[in-house]
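Please look over the model below before reading on. My notes follow as numbered points.

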Amino acid sequence: MAPASSHFLFDGKYTRFADWRFVHKARLNLVPLNSNKNGPLPADRNCRRCGKWVETLPHVLNHCTSYSAAWQMRHNAVLARIETAIAYRGTILSENQAIGPNHLRPDLVAEIDGTIYIVDVTVPFENRRDAFRLARERKTNKYQELIPFYKNQGYQDVQIVPIVVGSLGAWDPENDLFLKKVATRSYLAVLRKLCVSECIRWSRDIYVQHLTGAQQYSTTNNNAIPLELPSTTEAIDNNDNSQVITTTDSQDNRDTCTTQISQHCQESSPTMEANIVDL
């Protein structure tokens with residue numbers, strides 16, 4: 001696993017405290033799902049939402065169709081980061097548009113220095129070493145027919161670029177082979193961390209909503225955002241009931257930090273408290 005996959009361990013940068021607490025238990029598979037609860041397993045080990053398959057963490061985060069909208073938003077959060085980096089260096093020719101004789105829809109098609117890059121983001125569950133390799137192979141095979149399609153248009157070099165980030169925040173080092181062409185070393189270091197934290201954030205919200213039924217994100221529009229502020233790290237002081245909130249601006253790559261002190265007990269609304277559930 002690339003070092004960026006655990007960048008948040010010591011400073012929690014770009015990561016909510018709720019995500020920090022979730023991801024360690026999730027990576028160790030110490031989450032109370034029907035397939036691995038402490039003590040005797042329940043007679044019915046199937047998913048409590050869809051009821052079709054055994055309730056494992058891979059099922060909840062990547063396969064239970066009850067959260068297909070959240071999968072898409074998790075995918076789009078990573079894609080938006082990648083698109084910003086590519087647009088700085090090259091030209092975006094298409095985004096999620098039907099291309100070729102079979103009307104395939106890669107996430108991005110970009111031209112950089114005369115080369116066409118077919119970029120597609122995928123977020124598999126990182127339960128084994130081969131998971132990333134298989135995810136890359138699926139994307140490469142899927143878009144293989146677009147190589148002659150673009151070569152017939154006069155482009156000499158066409159490459160397929162899968163971007164793979166695990167649903168629990170594992171960063172595939174092979175992503176860097178392409179991203180080094182569009183990002184400086186310092187920006188790439190930040191980009192890795194942002195993509196990792198985005199995946200953890202969305203996976204935590206899917207998991208908590210699955211267990212509690214409490215809505216964790218909005219699906220009212222295509223640019224839906226979690227009901228919690230995605231770029232907030234919270235620390236509660238039990239002595240004076242004050243809350244220190246460090247907020248970073250996602251438009252500035254979350255590099256600018258401000259500190260605000262508020263009275264947690266007085267200002268937290270019942271609605272927000274109902275939406276923020278931490279296990």
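1. Leu-104 sits in the loop between strand E1 (91-95) and E2. Strands here are DSSP runs of E with at least two residues, helices are runs of H or I with at least four, and both are numbered from the N terminus. Leu-104 is buried, at 14% relative accessibility. Buried means under 20% relative accessible area, exposed over 50%, and partly exposed in between (1.4 Å probe, protein chains only).

2. What does Leu-104 touch, beyond residues up to four places away in sequence? Its partners are Gln-97, Ala-98, Ile-99, Lys-142, Tyr-143, Glu-145 and Leu-146. Contact means heavy atoms within 4.5 Å. Tyr-143 lies 39 residues from Leu-104 along the chain, yet their C-alpha atoms are separated by 7.4 Å.

3. A word on sources. This is a predicted model: local features need pLDDT of at least 70 and side-chain atom pairs count only at pLDDT 80 or more, while totals for chains, interfaces and linings use all residues. Residues are numbered from 1 along each chain as its sequence is written, and side-chain values use heavy atoms, leaving out hydrogens and water.

4. Helix H4 (residues 130-142) has 13 residues. From first C-alpha to last it reaches 18 Å, close to the 18 Å expected at 1.5 Å a residue; the expected span is 1.5 Å times one less than the number of residues.

5. Which residues of H4 are buried? They are Ala-131, Phe-132, Ala-135, Arg-136 and Lys-139.

6. The largest nonpolar core has 50 residues. Such a core is a set of buried Ala, Val, Leu, Ile, Met, Phe, Trp, Tyr and Cys residues joined through side-chain atoms within 4.5 Å. Among those with the most contacts inside it are Leu-57, Ile-82 and Tyr-207. H7 supplies the largest share of this core, 11 residues. A second, separate core of 11 residues includes Ile-118, Leu-146, Ile-147 and Tyr-150.

7. Leu-57 is in contact with Ala-26, Asn-29, Val-31, Leu-33, Phe-125, Leu-168 and Tyr-207, leaving aside neighbours within four places in sequence.

8. His-75 belongs to helix H3. Is it buried or exposed? His-75 is buried, with a relative accessible area of 13%. Leaving aside neighbours within four places in sequence, His-75 contacts Asp-107, Val-121 and Val-123.
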